[in-house]
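Visitor: I would like to be walked through a structure, one question at a time. Please state the cut-offs as the terms come up.

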Amino acid sequence: MKRTKIENLLFVIAQLILVGGILFGTLISKGIFESNTEMCFPRAFVFFAASIFGSITAWAVIMQLLAISDRLKKLEGIDR
């Protein structure tokens, strides 16, 4: 089934959120860990886990929206 330009854009955005969120979380938590302040390891770990969870959640929500769109097109019989 062909997707519209908006759906293709949403797919690209979802992939960028997934990869960007993981890279962002890795870089920031590495900076926190290398600061050698008190309790830096737990803060770095929590930030890394939260950024991974957030990026995967946002990616999954967008992918579900695209799946719902595909199902609606299939129900309506729209084949572009």
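The questions below go from the whole chain to single residues.

Guide: This is a predicted model, in which local features need pLDDT of at least 70 and side-chain atom pairs count only at pLDDT 80 or more, while totals for chains, interfaces and linings use all residues. Residues are numbered from 1 along each chain as its sequence is written, and side-chain values use heavy atoms, with hydrogens and water left out.

Visitor: How many helices and strands are there in the protein chain?

Guide: Helices are DSSP runs of H or I with at least four residues, strands are runs of E with at least two, and both are numbered from the N terminus. H1 covers residues 5–34 and H2 covers residues 40–76. The count for the protein chain is 2 helices and 0 strands.

Visitor: What should H1 span at 1.5 Å a residue, and how far apart are its end C-alpha atoms?

Guide: The expected span of a helix is 1.5 Å times one less than its number of residues. H1 has 30 residues, so it should span 44 Å; this agrees with the distance between its end C-alpha atoms, 43 Å.

Visitor: Which element do the buried residues of H2 pack against?

Guide: Buried means under 20% relative accessible area, exposed over 50%, and partly exposed in between (1.4 Å probe, protein chains only). In H2 the buried residues include Ile 52, Ile 62, Leu 66 and Lys 73; in H1 they include Leu 18, Gly 21 and Gly 25. H2 is part of what covers the buried residues of H1. In turn, the buried residues of H2 pack against H1.

Visitor: Is Glu 7 buried or exposed?

Guide: Glu 7 lies in helix H1. Not counting residues up to four places away in sequence, Glu 7 touches Lys 2, Leu 66, Ser 69 and Lys 73, where contact means heavy atoms within 4.5 Å. Its relative accessibility is 8%, so Glu 7 counts as buried.

Visitor: With which side chain does the side chain of Glu 7 make a polar contact?

Guide: A polar contact is a pair of N or O atoms within 3.5 Å; within protein, one must be able to donate a hydrogen and the other to accept it, and residues adjacent in sequence count only if both atoms are side-chain atoms. For Glu 7 the distance is 2.7 Å, and the partner is the side chain of Lys 73.

Visitor: What kind of aromatic pair do Phe 33 and Phe 41 form?

Guide: Rings of Phe, Tyr and Trp (its six-membered ring) pair if their centres lie within 6.5 Å; planes under 30 degrees apart count as stacked, over 60 as edge-to-face and the rest as tilted. The count by this rule is 2 aromatic pairs. Phe 33 and Phe 41 are 5.9 Å apart centre to centre, with 70° between the planes, and their pair is edge-to-face.
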